[in-house]
Amino acid sequence: VKPLTTAELANVRVSVVPSAVVTTALTPDGTVAVELTAQSAADYSVQVFYNDVAIKGGARSGFTVSAGPAAGVNTIVSLDAVNVIDSAGVAQISTALAGQVNTLKVVAKDAFGNIQDASSARANIVATLTNKATGSTVGVTVNVKDLSLDGEGVYHVYDVEYTAKTAGTYTLTISLGEGVALTQLGLYDIDITAGIFVAAKTTLVPISTAATIGSPVTFAFAAFDNYENFVARSDVIFDLTFTKGTTSIAAKASLKPTAGVSTHEVDVTFTESGAYTLQVEAGGLVVFSGVNVVIKAGPVVQAKSTITGLEGVEAGAKATITIVPRDAAGNINLATPVVTFSPNTQSFGETVTVGTNAVTIDFTSPIFGDVTLNANFDGAIISSAMTVSPSAPPALTSVKMASLTTITVTFDMDTNNGNMGASQDCGLV
């Protein structure tokens, strides 16, 4: 074997398919070193020529060149693992539901734009999802999926799967590399909104104990997803049914956005007092059942109320007045009244009893004549006048005849009963 000279090195030619960067060099022992720098990941064939004649043993074929290390300049973020995500794609991923798993794809390419195949060293893809308001970071899963992108080769495609359970605005950062050598591939703002409405998570805002007929009563519902996020969506409607005996009232609660919290509300005006049973449904699902709603009667109105027992009242005798207090709609309002009489120079010894359907007032009038009854029902007054008659004449128990000119009479009566004075002061006519 005759070593080549430097001048003869120019007669060496190397053919590489597909093309590659070829360098030849003369070694100290006179042999020729052929170096290839492939820029494409492919199966290569090589043939060496001298003076355009293929030299024996100078052919090589079937050796594979894999893609080099992933390079940030060529590695892409994609929705379909083919095209770089564009502005339309960025808009598409800008919103997501809480708890929903979302996926972006990263296609790793080397410095020459070759996609890493199954034999390539895996790239280190780093992704973080950060809540912009709190600064807290949610873990992001990065999985390697080997896919056939051209129907032939199998390539590394990285699925970046991200999700957040708390609603808010987040920043998704996708990078390539290690430590401080990270190369940012993408930075995206994502608005995580409340997830699917869960009926079982709904809360009912407490109802005021002062709920009365004639005045609107607000029923408010806070709708949540499975992760305790407020579901402030107009497509969520609550159907309310109030039942009391044969009476049924229907209402619908719809979205009412307010600062900080959005609730679904409805105002219901009742015309009948009493205890109602409330059932709430949403989308055909029962949200609440058997909720007790007590509606109080309105203020007592004298024109709607009835009072009996004003006739035949006698001084010194026990009497009973019965009041059926009603509001403007005719509902009975059995509040306990404060009862007074006028003139009230002496005690009437009144006792007030609240029954099932009426209020009774037991009393004994110490005077006769015109007397006014005042019954104060929480500020609403029922007032009525009555005429109290004197006590009945006392019974004559004995007569003693001292002489034809003197008669002594003893009366069976209490002293000063009915304002008649003491018995010793009575004159006999």
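This is a predicted model: local features need pLDDT of at least 70, side-chain atom pairs count only at pLDDT 80 or more; totals for chains, interfaces and linings use all residues.
View 1. The hairpin that the two strands make has 2 residues between them, and in it D378 takes a positive phi near 50°.

**View 2. An open sheet of 7 strands.** The strands of this sheet follow the order β15-β16-β19-β18-β17-β20-β21, and their pairing is antiparallel. At the edges stand β15 (203–204) and β21 (285–295), and because each of them has a single partner strand, one side of each is left without a neighbour in the sheet.

**View 3. Strand β17 and its partners β18 and β20.** Strand β17 (residues 238–244) pairs in the antiparallel sense with β18 over 7 bridges, and it is also joined by 5 bridges to strand β20 (residues 274–282), again in an antiparallel arrangement. For L240, the bridge partner in β20 is V280. The hairpin of β17 and β18 has 2 residues between the strands, and G245 takes a positive phi near 65° in it. At K244, the charged end of the side chain sits over the ring of Y276, at 5.7 Å from the ring centre.

**View 4. The largest nonpolar core.** This core has 27 residues, and those with the most contacts inside it are F219, F238, L240, F242 and F270. At least two of its residues are supplied by each of β16 (217–222), β17, β18 (247–257), β19 (262–268), β20 and β21. Beyond its neighbours up to four places away in sequence, F270 touches I213, G214, V217, F219, F242, I249, Y276 and I295. Apart from this core lies another, of 25 residues, which includes V77, L129, Y162 and L185.

View 5. F224 is buried, with a relative accessible area of 10%, whereas F230 is partly exposed, with a relative accessible area of 35%. One aromatic cluster is formed by F197, F221, F238 and F288, and F238 is also listed among the residues with the most contacts inside the core of 27 residues. Elsewhere, R13 lies over the face of F49, at 4.2 Å from the ring centre.

**View 6. The loop between β24 and β25 beside strand β26.** F348 and F363 form a tilted aromatic pair, whose ring centres are 6.5 Å apart and whose planes stand at 45° to one another. F348 lies in the loop between β24 and β25 while F363 lies in strand β26 (residues 359–364), so the pair ties together parts that are 15 residues apart in sequence. Both residues count as buried, F348 with a relative accessible area of 4% and F363 at 3% relative accessibility. G349 belongs to the loop between β24 (338–342) and β25 (351–354) as well, and, leaving aside its neighbours within four places in sequence, G349 is in contact with D362 and F363. From C-alpha to C-alpha, G349 and F363 are 5.5 Å apart in space, although 14 residues apart in sequence.

**View 7. Confidence along the chain.** The mean pLDDT of the chain is 85, and 87% of its residues reach 70 or more. Over residues 421–425, however, pLDDT stays under 50, and the model has 3 contacts beyond four places in sequence for these residues.

Key: Residues are numbered from 1 along each chain as its sequence is written. Side-chain values use heavy atoms; hydrogens and water are left out. pLDDT is the predictor's confidence in each residue, from 0 to 100. Contact means heavy atoms within 4.5 Å. Two strands pair if DSSP finds at least two bridges between them. Helices (H or I, at least four residues) and strands (E, at least two) are DSSP runs, numbered from the N terminus. A nonpolar core is a set of buried Ala, Val, Leu, Ile, Met, Phe, Trp, Tyr and Cys residues joined through side-chain atoms within 4.5 Å. Buried means under 20% relative accessible area, exposed over 50%, partly exposed in between (1.4 Å probe, protein chains only). Rings of Phe, Tyr and Trp (its six-membered ring) pair if their centres lie within 6.5 Å; planes under 30 degrees apart count as stacked, over 60 as edge-to-face and the rest as tilted. A charge sits over a ring if NZ of Lys or CZ of Arg is within 6 Å of the ring centre and within 35 degrees of the ring normal.
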